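User: I have this one open on my screen. Can you walk me through it?

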Amino acid sequence: MRSAAVIGTGAIGTSIALALARHGVTVYLDDVNRTAARTAEAMGAGSLAAPDGPVDLAVLAVPPAHIGTVLARSQRAGLARAYTDVASVKAQPHDEIDRAGADPASYIGGHPMAGTERSGPLAGRADLFEGRPWVLTPSPCTGQETLNRALELASLCGGTPVVMDAAAHDRAVALVSHAPHLVSSLLAARLAGAGEESIRISGQGLRDVTRIAAGDPGLWNEILDANATAVADVLDAYAADLGRAIGALRALGGADAVRRRAAASTLDGLLRTGNEGRARVAHKSGTPLTDLTAVPVLVPDQPGALARLFTAVGEIGVNIEDVRIEHSMDCPRGLVELLVQQRSAPALSRLLDAGGWAVAENAVAEHAVMAAVG
Ligand SMILES: NC(=O)C1=CN([C@@H]2O[C@H](COP(=O)(O)OP(=O)(O)OC[C@H]3O[C@@H](n4cnc5c(N)ncnc54)[C@H](O)[C@@H]3O)[C@@H](O)[C@H]2O)C=CC1
Ligand SMILES: O=C(O)C(=O)Cc1ccc(O)cc1
């Protein structure tokens, strides 16, 4: 791919443009909001000039309800040889494209499964899609050249293409993205009017489950509107589980020993099924959580401490698959959990310990046992 246009230079459009520009693709930027477009340009994502002929691919990174009209307009102007979008829902844009009279052969639906709770170009990052699934939803009319361009886009951005039917995509994202987003918002909404004495003692777990509740309500209203029935189906299943959990908790709060035993077993079942579901969520694409081990290290709250830890791990030759940091502002130390491949953990905790790092209690001994039993 030599040239691309990115329409909509928000968080996702700017991330795509930055990734393409890094691979030497000439990127043309456009946005109804000139400040957003200028900011993306200043970040090195591309140029605001108009291309002097059709580009190889145009990426429509605008809100879902705008895809049909922006596509029809861009095709009329002869902007590109192929078009894709990034919207979080896929059936509605496919329908709107039909209604807007756009050419379906040069369009393929797309949805990179990575994002952030932040909007706007400044949330853009060239590596946002690295190792993440990138769903493509060709219609029966999509041409081979269009599919090839979208596959190339996903690969240039470091994503892993997954081809799906648009309706199947929408059911899947209702389960793994849209219903979880709404539940995160509901959890966070309980905190809006809570007393300061409760909020003060909240910890990392609550921050984890409410992070995505910070997302842009304007965008999420559109997403939920476009995928309402599939999201409601998932919420029905949550509601059934919630009903069972509430019934069990009421029984546990009562005095009837038989009902209490049944309730404890119901609750245990819900918690264990939760463990099972959590274990199925790949932590980093292709790496099931069960293949990773956390090496907990206590890090002083000092300038450069994290950089020194990461450098030390790099020098040991271990790849950090992910990292979690637990730290409260008034504490002189933070707990950094380095998620690494299980086979690397014993050597890593031993060598960090030897290097003077406070590898949290038990980790060195535990990993030594793991190494001994293979
Ligand atoms: N936020 C996220 O984490 C993810 C979002 N998406 C999808 O990416 C798309 C963009 O989302 P974000 O980048 O987060 O939003 P954003 O709000 O950061 O950026 C959207 C940009 O589109 C521009 N825009 C709106 N209508 C336009 C039009 N008619 N022509 C040109 N520009 C227009 C806006 O001015 C804004 O700069 C949405 O379709 C969303 O569903 C996909 C994956 C993740
Ligand atoms: O913030 C996160 O972790 C996300 O998963 C964001 C996200 C939001 C919308 C999408 O369509 C895809 C991904």
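User: Which residues in α6 meet which residues in α10?
Analyst: Bear in mind that this is a predicted model. On the α6 side they are Asp-170, Arg-171, Ala-174, Leu-175, His-178, Ala-179, Leu-182 and Val-183. They meet Ala-230, Val-231, Asp-233, Val-234, Leu-235 and Tyr-238 of α10.

User: How do the residues of that contact divide by class?
Analyst: The contact of α6 with α10 has 10 nonpolar residues, one polar and three charged.

User: And at what angle do α6 and α10 pack?
Analyst: About 65 degrees, with the axes 8 Å apart. α6 covers residues 166-192. The crossing of α6 past α10 is right-handed.

User: Is the crossing of α10 past α11 left-handed or right-handed?
Analyst: Left-handed. The axes of α10 (residues 228-252) and α11 (residues 257-280) cross at roughly 145 degrees and come within 8 Å.

User: Which residues make that contact?
Analyst: From α10, Asp-241, Arg-244, Ala-245, Ala-248, Ala-251 and Leu-252. From α11, Arg-259, Arg-260, Ala-263, Ala-264, Thr-266, Leu-267 and Leu-270. Between α10 and α11 the contact residues split into eight nonpolar, one polar and four charged.

User: Let's zoom out. Which domains does the assignment give?
Analyst: Domain 1 is 3-164, domain 2 is 170-282 and domain 3 is 287-373, according to the domain assignment.

User: How many residues of domain 1 and domain 2 are in contact?
Analyst: 10 residues of domain 1 touch 12 residues of domain 2. The domain 1 side of that contact has five nonpolar, three polar and two charged residues. The C-alpha centres of domain 1 and domain 2 are 33 Å apart.

User: On to the ligands. Which residues come nearest to ligand 1?
Analyst: Gly-8, Gly-10, Ser-88, Gly-115 and Ser-119, out of 28 residues around ligand 1.

User: Which domains does the shell around ligand 1 draw on?
Analyst: Domain 1 and domain 2 each give at least three residues to the shell around ligand 1. Among helices, α1 (11-22) and α9 (217-226) each supply at least two. The largest share, three residues, comes from α1.

User: What about classes in the shell around ligand 1?
Analyst: 15 nonpolar, 11 polar and two charged.

User: And which residues are around ligand 2?
Analyst: Ser-88, Met-113, Ala-114, Gly-115, Thr-116, Glu-117, Ser-177 and Ile-212. That shell has three nonpolar, four polar and one charged residues.

User: New topic. Where does Trp-134 lie?
Analyst: In strand β6, which spans residues 133-137.

User: Why does Trp-134 count as buried?
Analyst: Because Trp-134 has 24 C-beta neighbours inside 10 Å. The cut-off for buried is 20 or more.

User: What is Trp-134 in contact with, leaving aside neighbours within four places in sequence?
Analyst: Gly-110, Pro-112, Met-113, Phe-129, Ala-154, Gly-159, Thr-160, Pro-161 and Val-162. Take Pro-161: along the chain, Pro-161 and Trp-134 are 27 residues apart, yet their C-alpha atoms are separated by 4.6 Å.

User: One last spot. Which residues in α13 are buried?
Analyst: In α13 (residues 345-354), Ala-345, Pro-346, Leu-348, Ser-349 and Leu-352 are buried.

Conventions
Residues numbered from 1 in each chain as written. Chains lettered and ligands numbered in written order. Predicted model: local features only at pLDDT ≥ 70, side-chain atom pairs only at ≥ 80, totals over all residues. Near = placed C-beta within 6 Å. Nonpolar A, V, L, I, M, F, W, Y, C, P; charged D, E, K, R; others polar. Axes fitted to C-alpha atoms, helices over the stretch in contact; angles between N-to-C directions. Helix = DSSP H or I, 4+ residues; strand = E, 2+ residues; numbered from the N terminus. Left-handed = near helix turned anticlockwise from the far one by under 90°. Contact = placed C-beta atoms within 7 Å. Domains from an automatic or database assignment. Buried ≥ 20, exposed ≤ 12 C-beta atoms within 10 Å, placed from the backbone.
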